[in-house]
Amino acid sequence: MRNASRRSLLAAGASGIGAALAGCTGSGSSAGPTVGILEDRSGNFQLNGTSKWQATRLAIEEINEDGGILGEEVQIEDPDPQSDNERYQELTEQMILEHEVDALWAGYSSATREAIRPIINDYDQLYFYTTQYEGGVCDDTIFPVGATARQQLGAVTPYMAEEYGEDIYIIAADYNFGQLSGDWVNVIAQENDYNIVGEEYIPLNETDFSSVINRIQSEDPDFIMSMLVGANHENFYDQRDANDMLIPIGTSTTMAQGHEHIRYEPDALTDVYAGVSYMEELGDERGEGFVDAFYERWPDANYLNQEAQNNYFSVYMWRDAVEEAGTFDQEEVISVLEEGMDIAAPSGDIELDGATHHMTHKMRVAHADENHDISFDGEQFIEPTFLREEVEGGEGCDLREESKQTQYEPGDVYDV
Amino acid sequence: MAAATVYDGLSLLFQFLNSFGFLVLVTVGLAIVFGMMGVINLAHGEFILVGIYGTALAYHAGAPLPLAMVAGVVVTTVFGIVVERLIVRHLYDRLLDSMVATWGLSLVVAQLLLIVFGSSLDSISTPMGNVAYGPYTSSVYRSVFLPAAALVVLGGLFLLFTRTEFGVKARATIEDPETARAMGVDTDRMYVTTFAIGSALAGLTGALYAPAIGAITPDRGSTFLVESFVAVVVGGSSVVVGTLSASTLLGLVNAVFSWQLGTFVGLMAMLLVAIVLLRLLPNGISGYVEDWRERRRADQ
């Protein structure tokens with residue numbers, strides 16, 4: 001393991017920016033090293049995508065301010081995909097074929113990632129997917145650096161059972177992310193002898209949760225595990241409050257991304273517990289330096305979310321890998337990344353697992369009280385064990401040894 | 001056991017009222033513009049959104065909620081009049097053209113809201129608390145106040161279009177604009193006034209749902225559009241009869257299936273009923289009622 005990025009990232013995070021002077025362009029030529037940033041600044045996911053785009057730009061601008069990479073200024077191509085998967089597919093091809101990007105950061109939802117994955121595979125494009133997600137992607141050129149469901153739900157579900165009891169009601173968004181996250185709660189429940197007393201998958205466009213709330217009340221669980229997604233589903237929290245349904249909620253999706261604890265009036269988010277790798281409220285010197293730098297560059301930003309932090313540290317991770325490789329050649333950069341890397345991220349000192357392309361994240365449980373003040377507890381490092389130790393009959397997935405373009409699901413290993 | 005059945009029945013009733021109120025309020029403005037003016041307004045969701053934004057901005061600026069709601073309605077009405085004068089008046093009885101133009105308008109409004117107000121506004125908590133029964137609770141605002149408001153709106157519209165001089169002139173203009181003009185009716189004014197009423201009702205829906213919608217983001221308009229279209233198509237062109245019958249039927253189907261089998265099944269059941277009804281009653285429920293009346297008149 002190397003420790004290449006720690007010092008430089010610390011320095012960059014604390015130094016502030018002057019990034020506007022960095023001279024990056026959003027529509028420049030493809031001369032010189034170029035990165036593609038496809039993050040939603042409009043449409044259904046703009047609330048989460050905007051800060052991802054901002055943090056990626058911030059990191060590139062800081063790097064350019066600091067002399068670029070291998071002495072070259074990095075160009076940015078960053079059209080708005082508008083939360084539209086077809087547009088994502090077109091733009092991904094454009095990034096690869098027209099702009100010949102050296103690395104790509106793209107997409108908020110798992111549905112988006114899966115929409116562009118065949119294109120990424122066709123062209124062997126180095127791609128960083130930074131949203132927390134259901135896990136299981138084992139793919140030659142993809143680095144899913146956000147926390148997986150195994151990591152997030154593995155942090156928060158046992159914490160909730162310990163605090164409140166072992167009867168769980170699952171509500172989740174009705175698409176691949178929500179369904180697989182629900183499977184993971186079932187796996188964790190099986191491993192710990194918790195009881196799943198109810199389970200419901202809700203269409204993404206649903207805004208009325210009155211029947212869901214009555215069904216939850218009827219089953220009277222000790223806590224709810226919620227993997228709801230998007231602005232429509234957020235209404236659940238307000239309706240829970242209007243119904244005085246005080247059952248605590250564990251989640252992998254709320255607060256750290258959509259900052260509902262800021263956007264909703266207290267006490268809608270009371271006793272919501274999120275398994276997170278990062279929130280801007282985390283504090284500590286390194287984290288605060290990052291937050292200051294972010295808001296200095298983007299004074300009108302709404303929130304610096306968990307996924308934005310993932311974009312930020314992964315840009316520096318890529319920078320260090322390029323410098324180590326001495327070239328922007330994607331195959332060689334991937335080889336360096338696959339050696340593994342220690343990262344001094346704003347979320348803490350974390351580690352890239354070269355075999356699986358996933359991160360060992362420093363996880364914690366964020367709790368919103370009745371005033372929506374956030375506190376953190378249950379800090380622990382959680383490794384990407386599903387891919388490394390559980391799939392393929394316990395052999396794991398090792399991309400250094402074998403080329404793969406697979407997504408493993410909990411059902412491949414567990415009876416769910 | 002008996003008590004449990006009563007509680008379950010109450011839960012179902014409140015869910016029906018919740019669904020009924022939502023369907024009436026999101027549909028009624030669209031029904032007026034489509035049923036009376038022959039314009040399919042694909043920006044209807046964004047009209048409601050303007051009402052939500054108007055209300056939320058006024059509320060966060062310090063206005064009490066009822067006053068903020070009035071502001072939301074006024075803003076949407078003015079917005080509707082501007083849109084009618086600039087765009088819609090060129091599109092009366094041009095169904096496809098009106099769809100394309102208003103769809104474009106919906107994109108422009110959503111993007112303008114994003115540019116001007118950012119990716120979200122702070123939400124407003126749902127007022128009025130809840131009613132508790134057995135293991136269940138239901139929000140008073142969503143399950144009692146909003147359905148009651150929906151009935152008041154429908155009653156008001158019925159009186160407006162059947163008991164006032166404006167209503168007679170408006171219906172005459174819609175039936176036969178040439179003759180109405182010959183009789184001295186200012187049809188241009190009737191069109192803009194009717195469109196303004198449709199817009200005001202969309203604004204009222206936005207104002208009433210501002211504290212019940214949760215996240216206030218520029219892309220929420222589409223949330224309202226699908227259900228309002230389904231209800232208008234099922235209900236047919238008569239504003240009051242169509243909206244009332246379609247909302248009652250679809251609300252009941254949604255509540256029963258959601259309550260029994262989950263939200264997804266509730267939504268699917270509602271759409272399936274809409275498809276079957278359209279096969280059986282191509283002009284919607286109010287079209288069937290009208291045909292039945294005419295047959296009865298002919299028999300007499």
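Author: The second largest pocket has a lining of 20 residues, and those nearest its centre are B:R171, B:S237, B:S238, B:V239 and B:E290. The model is predicted, so that local features need pLDDT of at least 70 and side-chain atom pairs count only at pLDDT 80 or more, while totals for chains, interfaces and linings use all residues. Residues are numbered from 1 along each chain as its sequence is written, chains are lettered from A and ligands numbered from 1 in the order in which they are written, and side-chain values use heavy atoms, with hydrogens and water left out.

A pocket is here an open set of points on a 1 Å grid over the protein atoms alone, where a 1.4 Å probe fits, with protein on both sides within 12 Å along at least five of seven lines; lining residues have an atom within 4 Å of a point. The space in this pocket comes to about 690 Å³, a volume being the space filled by probe spheres set on the points, which are joined across faces, edges and corners.

In chain B, at least two lining residues come from each of α1 (2-37), α5 (140-163), α6 (165-175), α10 (239-261) and α12 (284-299). The helices are DSSP runs (H or I, at least four residues), numbered from the N terminus. With seven residues, α12(B) gives the largest share of the lining.

By class, eight lining residues are nonpolar, six polar and six charged. Nonpolar covers Ala, Val, Leu, Ile, Met, Phe, Trp, Tyr, Cys and Pro; charged covers Asp, Glu, Lys and Arg; the others, Gly among them, are polar.
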